[in-house]
Amino acid sequence: MGRPGLNRRQLLAGLGGLTVAGSFGFAALGTGADALASGADTRVRYWNLFSGGDGANMIAMLDAYRKEHPGVDVKDSTLQWGNPYYTKLAMAAAGNRAPDLAVSHLGRVTGFAPGRLLDAWDVDLLAKYGVREADFNPALWKRAVIDGKLYALPLDIHVQLCFYRKDVLKKAGLLGDDGRMIPVTSTDEWFDVLKKAKAVQKKGLQTIGLWTNDQNFQWWFFVAFYTQLGGTWFNDADTEVLFDVDKATQVLEFLRRHVTDGYVIPGAPTGEQFINGAPFTWEGNWSVPVFSGAKLEYGATPLPPVFGKAATHAESHSFVLPHQENRGGATDEAAHQLAAYVVKHAQQWAAGGHIPAYTPTLSTDAYKKLQPQNEYASAMDHQATEPKVWFAGSTGILAQDLGPIVVSSTMGSAKPAAVAKTMKSRLTKLLASKNPMDGRTAAQGGAVA
């Protein structure tokens, strides 16, 4: 894209010392000196941030790929989730020691200096291995395109959900004939549901788990309900803040009311309370294996459209190509093949609660039988995402800046109206700030789909 290179020393200085150099663990980068696996003639070095159940599912998919493609030696490395992962990935790309393939949250891609720290995908090569734009939700694909090029290949979307106990809701008369929670379309209806559920629930439990003191969850919930109200963030050129203080105040007052009306016990363990009988909890879809493993009679829907418009917070795990000076050849093609294979064979991934990005998977009989996944798959068409700017994305600066402010309102240490004004002020400062990856503001960085 005609931009100058960025070496590791410059990048570390630009990041402002987010972590000490000794913690980067460059041993994970590899040197290419280790021998290929027996029978393989091409190696693909692949970094991801998946642990727990996600890690086990990813390994299963990689093993299936290895079995079908013995000529490719996949060297996968799992690194620490969050900012440590992204810092290492940036340093590796800047120092020309990047893996051939990596995972990134889609919201992070815009800030990762596409064309400088990331290489664009060869869409013709992806098509060769059966993955095309037509196989994805249009809004999801558009988020992966920057300056007219595809810089991320979506694997899934992961969403915030309203989990509910069917046994409790049945006692409260809140289940429909289909065995699912009755529809909710307004804040009054929602608090009426909570009131009825509280009347029949076990004593000593909260009615709903809301992660009231967690900055990430509170931010994700805010994004969802602010989107339901039609709230916007910036103008198309990313030069002006359009954040609506009145709409933000409505959302903040809504979240706060769960505490003031006594439906939440601040600080209570949300998942544990739900397993023990609490009627509701709002959690990410990654909780599906936990609740299914506990053999609960439960369901899960997208966050209730209490402001009239369906929208639930969504992020996406995606595959990216960290920048390499000499990217190409058999290794690069194998990286495209591996990513396409995993995306197309994401039934295993869906078992972990994620919604596969590859839409043909959603229409298979196997996926339709998954419960409660088949209940919330519609969230793919109602994604509430952070704005497409360099400081957004999972655990990004936007969430770090605004999440604690939302918490202060929900927990009652600050008034919603005052918090909404503070949020707009913070957004104004962020919009004018420069990306440490390339020294450009959001307005200067392009990010044109």
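Me: Is threonine 232 partly exposed, or is it buried?
Reply: Threonine 232 is partly exposed, because its relative accessible area is 38%. Buried means under 20% relative accessible area and exposed means over 50%, with partly exposed in between (1.4 Å probe, protein chains only). This is a predicted model, with residues numbered from 1 along each chain as its sequence is written. Local features need pLDDT of at least 70 and side-chain atom pairs count only at pLDDT 80 or more, while totals for chains, interfaces and linings use all residues; side-chain values use heavy atoms, with hydrogens and water left out.

Me: Where does threonine 232 lie?
Reply: Threonine 232 is in the loop between α8 and α9 (245-260). Helices (H or I, at least four residues) and strands (E, at least two) are DSSP runs, numbered from the N terminus.

Me: Which residues is threonine 232 in contact with, leaving aside neighbours within four places in sequence?
Reply: With those neighbours set aside, its partners are Tyr226, Leu242, Phe243 and Asp244. Contact here means heavy atoms within 4.5 Å. As for glycine 107, 125 residues apart from threonine 232 along the chain, the two C-alpha atoms are separated by 17 Å.

Me: What separates the C-alpha atoms of proline 183 and proline 305?
Reply: Those two C-alpha atoms are separated by 8.9 Å, although the residues are 122 places apart along the chain. Proline 183 belongs to the loop between α6 (166-171) and α7 (187-200). Proline 183 counts as exposed because its relative accessibility is 72%.

Me: Changing topic, how much space lies in the second largest pocket?
Reply: The second largest pocket holds about 640 Å³. On a 1 Å grid over the protein atoms alone, a pocket is an open set of points where a 1.4 Å probe fits, with protein on both sides within 12 Å along at least five of seven lines, and lining residues have an atom within 4 Å of a point. Points are joined across faces, edges and corners, and the volume is the space filled by probe spheres set on them.

Me: Which residues are the closest to the centre of that pocket?
Reply: Of the 31 lining residues, Asp54, Trp81, Trp286, His317 and His354 are the closest to the centre. By class, the lining has eleven nonpolar, 16 polar and four charged residues. Ala, Val, Leu, Ile, Met, Phe, Trp, Tyr, Cys and Pro count as nonpolar, Asp, Glu, Lys and Arg as charged, and the others, Gly among them, as polar.

Me: And which element gives the most to the lining of that pocket?
Reply: That is α2, with four residues. Elements that each supply at least two include α2 (52-68), β8 (156-165) and α8 (215-228).

Me: Since β8 came up, is glutamine 160 buried or exposed?
Reply: Glutamine 160, which lies in strand β8, is buried because its relative accessible area is 1%. Beyond four places in sequence, its contacts include Phe217, Trp220, Trp286 and His313.

Me: Which residues touch the most other members of the largest nonpolar core?
Reply: Among its 78 residues, they are Met58, Tyr85, Leu101, Trp121, Leu153, Phe319 and Ile355. Helix α12 (residues 329-344) gives the most to this core, with eight residues. Apart from this core lies another, of 59 residues, Val193 and Leu427 among them. A nonpolar core is a set of buried Ala, Val, Leu, Ile, Met, Phe, Trp, Tyr and Cys residues joined through side-chain atoms within 4.5 Å.

Me: What does phenylalanine 319 touch, not counting residues up to four places away in sequence?
Reply: Its contacts include Tyr46, Leu101, Trp121, Leu153, Ala339 and Val343.

Me: Now the backbone. Is the peptide bond from glutamine 371 to proline 372 cis or trans?
Reply: That bond is cis, with omega near 5°. Proline 372 is in the loop between α15 (365-368) and α16 (373-376).

Me: What is phi of asparagine 96?
Reply: Phi of asparagine 96 is near 60°, a positive value in a residue other than glycine. Asparagine 96 sits in the loop between α3 and β3 (101-105), and it counts as partly exposed because its relative accessibility is 38%. Threonine 395 also has a positive phi, of about 55°, and is not a glycine. Threonine 395 is in the loop between β15 (383-384) and α17 (397-411) and counts as buried at 11% relative accessibility.
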